[in-house]
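Take a look at the model below and keep it in view while reading.

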Amino acid sequence: ISRIEIFLSKLGVLLFYIMIALIPLAGYLMSNAAGYPVQVFGYEMPALIKPHPLFSDLFYKFHIIAGYILAVTITIHVFFVFKHLLINKINLFKRII
């Protein structure tokens, strides 16, 4: 496995974690900005921002785009795992498990 592939794999994993944190945060802020309460396990969370339609739209768009970025990143990551398994004959599943 080349250095660039290792670097891109680590970059992809970092992007997973960033998106996993930002997607729910954007959804939370989107709901706050739209004036809707957010409940987690039956408890109402405090609003972080006041209702504002511009921010609601902005966080909605970010929430959707970030979801697509996460889906594309996962797809690329899985594609290259199978590329290494089927073409390069490197079983990465041994290292994962």
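At what angle do the axes of helix H1 and helix H2 cross? The model is predicted, and in it the crossing angle is roughly 155 degrees. Helix H1 covers residues 3-34, and helix H2 covers residues 53-86. Their axes come within 8 Å. Angles over 145 degrees count as roughly antiparallel, and H1 and H2 are therefore roughly antiparallel to each other. The crossing also has a hand: it is left-handed. The residues of this contact are 21 nonpolar, nine polar and two charged.

Now step back to the chain. It holds three helices and two strands. In sequence order the pattern reads α-β-β-α-α. The box tells of the dimensions: along the principal axes, the C-alpha atoms fill roughly 55 × 30 × 20 Å. Of the 97 residues, 21% count as buried. Contacts can be sorted by sequence separation. Among those with a separation of 6 or more, 48% come from residues 24 or more positions apart.

Which residues does methionine 19 touch, leaving out those up to four places away in sequence? They are Pro24, Ala66, Ile69 and Leu70. Methionine 19 itself is found in helix H1. Its relative accessible area is 8%. The cut-off for buried is under 20%, so methionine 19 is buried. Alanine 66 is 47 residues away in sequence, yet the two C-alpha atoms are 6.3 Å apart in space.

Threonine 73 takes us to helix H2. Is this residue buried or exposed? Threonine 73 counts as buried, because its relative accessibility is 10%. Beyond its neighbours within four places in sequence, threonine 73 is in contact with Gly12, Leu15 and Phe16.

What does phenylalanine 82 touch, not counting residues up to four places away in sequence? The answer is Ile87 and Phe93. Phenylalanine 82 and lysine 10 are 72 residues apart along the chain, and 17 Å separates their C-alpha atoms.

Strand S1 covers 38-40 and strand S2 covers 43-45, and phenylalanine 41 is found in the loop between them. How does the backbone sit at phenylalanine 41? Its phi is near 55 degrees, a positive value in a residue other than glycine. The side of burial is clear too. The cut-off for exposed is over 50% relative accessible area, and phenylalanine 41, at 80% relative accessibility, therefore counts as exposed.

Methionine 19 is buried in the model at 8%, and threonine 73 counts as buried at 10%. Phenylalanine 41 is exposed at 80%.

Key:
Residues numbered from 1 in each chain as written. Predicted model: local features only at pLDDT ≥ 70, side-chain atom pairs only at ≥ 80, totals over all residues. Heavy atoms only, no water. Axes fitted to C-alpha atoms, helices over the stretch in contact; angles between N-to-C directions. Helix = DSSP H or I, 4+ residues; strand = E, 2+ residues; numbered from the N terminus. Parallel < 35°, antiparallel > 145°, perpendicular 65-115°, else oblique. Left-handed = near helix turned anticlockwise from the far one by under 90°. Nonpolar A, V, L, I, M, F, W, Y, C, P; charged D, E, K, R; others polar. Buried < 20%, exposed > 50% of the residue type's maximum accessible area, 1.4 Å probe, protein only. Contact = heavy atoms within 4.5 Å.
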